[in-house]
Amino acid sequence: NIERKLAERDRELYEQRLKLQKSNEFLVNALSSVVEFRNLESGEHIQRVKFFTKILLRYLMKRFPKYKISQEAADLIANASALHDIGKIAISDNILTKPGKLTDKEFEEMKKHTIYGCDILDKFKQEDENEFYKYCYDICRYHHERYDGKGYPDGLKGDSIPIWAQVVSIVDVYDALVSKRVYKNAYAAEDAYRMINNGECGEFSPDILECFELAKEEILIVSEGAFS
């Protein structure tokens, strides 16, 4: 009967969605492991960015329903955030692991990791472009854009930057500040918050900054546990 056929169809769709989700997770884990292999600092950074993205999205969904982010979308975005730096595998070691400040020429090359990342993702693109691919692409390309248009690679401004890329952008900056890198020491978590809110790391949207402040306690707890 019709009810049985609909139930079977629903089950088939659910199984297909589950299969796609597992496939996506495998791809994310494989590609992010490649980044970790190239640059030992990136492994834990990738996991923290993913976790911080989940926290911030929760506040964004609650505080700003205008963005229409569902729980299913939030899960996909958090997974996609793990690939934000995938393009770094195309950057040479002498730039990627340089202990001092990059020259202007080296920095211009480093900035291209956003483009290289999209080129890599394009090789994994399926004929029927799905939502997950869109989140991966947008995050990869736009996580260094800034609300005032002074970011890269495209100089996008304001709400022309996808909201999911804006979320990953701020947590990426935060984690970079509180992490020790070959070219700098770690900042205290409170100092990192102050620097971001003062616009010392580029401009973020008022909505994103509000959610970042609301998430502060949770993020600080994770930070203290990660770096203690």
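Let's start with the largest pocket: 34 residues line it, and F107, H144, Y152, A176 and Y183 are the ones nearest its centre. Before I go on, this is a predicted model, so local features need pLDDT of at least 70 and side-chain atom pairs count only at pLDDT 80 or more, while totals for chains, interfaces and linings use all residues. Residues are numbered from 1 along each chain as its sequence is written, and side-chain values use heavy atoms, with hydrogens and water left out.

What do I mean by a pocket? On a 1 Å grid over the protein atoms alone, it's an open set of points with protein on both sides within 12 Å along at least five of seven lines; a cavity is a set where a 1.4 Å probe fits but cannot get out, and lining residues have an atom within 4 Å of a point.

The largest pocket holds about 1000 Å³ of space, where a volume is the space filled by probe spheres set on the points, and points are joined across faces, edges and corners. The elements giving two or more residues to its lining are α2 (42-63), α4 (93-96), α5 and α8 (163-178). Helices here are DSSP runs (H or I, at least four residues), numbered from the N terminus. Which helix gives the largest share of that lining? It's α8, with four residues. By class, the pocket lining has 14 nonpolar, eight polar and 12 charged residues. For the classes, Ala, Val, Leu, Ile, Met, Phe, Trp, Tyr, Cys and Pro count as nonpolar, Asp, Glu, Lys and Arg as charged, and the others, Gly among them, as polar.

On to helix packing. Axes are lines fitted to C-alpha atoms, for helices over the stretch in contact, and angles run from 0 to 180 degrees between N-to-C directions. Under 35 degrees counts as roughly parallel, over 145 as roughly antiparallel, 65 to 115 as roughly perpendicular, and the rest as oblique.

Take α7 and α8: their angle is about 50 degrees and their axes are 9 Å apart, so the two are oblique to each other. In contact (heavy atoms within 4.5 Å) are K134, Y135, D138, I139 and Y142 of α7 with W164, A165 and V168 of α8. That set has six nonpolar, no polar and two charged residues.

Next, α9 (residues 189-197) and α10 (residues 206-214) pack at about 165 degrees, axes 11 Å apart, and are therefore roughly antiparallel. Y193, I196 and N197 of α9 meet L209, F212 and E213 of α10.

Then α5 (residues 104-111) and α6 (residues 113-123), at about 30 degrees with axes 5 Å apart. That makes α5 roughly parallel to α6.

Last, two backbone spots. The Y152 to P153 peptide bond is cis, with omega near 10 degrees, and P153 is in the loop between α7 (131-142) and α8. K68, in the loop between α2 and α3 (71-81), has phi near 55 degrees, a positive value in a residue other than glycine.
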